[in-house]
Amino acid sequence: MHEFALADAVVKSALRAARDAGMDRIETVTVRVGELQQIKADLFEFSLTEVLPAADPTLEGVRFVVNQEPVRFGCRVCERRFGRPDLEKVGNPDEMEAIHFIPELSHAFVRCPGCGSPDFDILAGRGVTLERVEGRSDDGPASA
Ligand SMILES: [Zn+2]
């Protein structure tokens, strides 16, 4: 049910952004989902349409675009930046799978491919972000 709660938050934010931009109708909502976010993309897309308020004309015919943001790590020791493909070259695919489902485990499994340090930051690939809201106002196309 995690996906439904997130979808609900996305729809509410999109409505707020549309209102702030003076939009009367939302056509497309683009959402970015981090690779480390524990989310099932198909269930999330389904949830986005399920949580829509039935009688809201602002959202009639809205289309959702869900983009996945790949995870990026930044080593604190050697400042190397790396992502999943770099780790898969050196690592164990089962571990990458574990990290995907439990991001908190990443510090237990992930080592910098440059210097071997477990001390890194997660620079990208977490969370759910409302990327863009496109629609129309009575005056013409609008976006937020
Ligand atoms: Zn390093």
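Helices (H or I, at least four residues) and strands (E, at least two) are DSSP runs, numbered from the N terminus. Residues are numbered from 1 along each chain as its sequence is written. The model is predicted, with local features needing pLDDT of at least 70 and side-chain atom pairs counting only at pLDDT 80 or more, while totals for chains, interfaces and linings use all residues.

Q: Is Glu79 buried or exposed?
A: Glu79 sits in the loop between β3 (72–75) and β4 (81–83), and its phi is near 65°, a positive value in a residue other than glycine. A residue is buried if 20 or more other C-beta atoms lie within 10 Å of its own, exposed if 12 or fewer, and partly exposed in between, with C-beta atoms placed from the backbone. Because Glu79 has 11 C-beta neighbours inside 10 Å, Glu79 counts as exposed.

Q: How many residues apart in sequence are Ala124 and Val71?
A: Ala124 belongs to strand β5 (residues 120–124), and with 18 C-beta neighbours inside 10 Å it counts as partly exposed. Ala124 and Val71 are 5.2 Å apart in space, C-alpha to C-alpha, while their separation in sequence is 53 residues.
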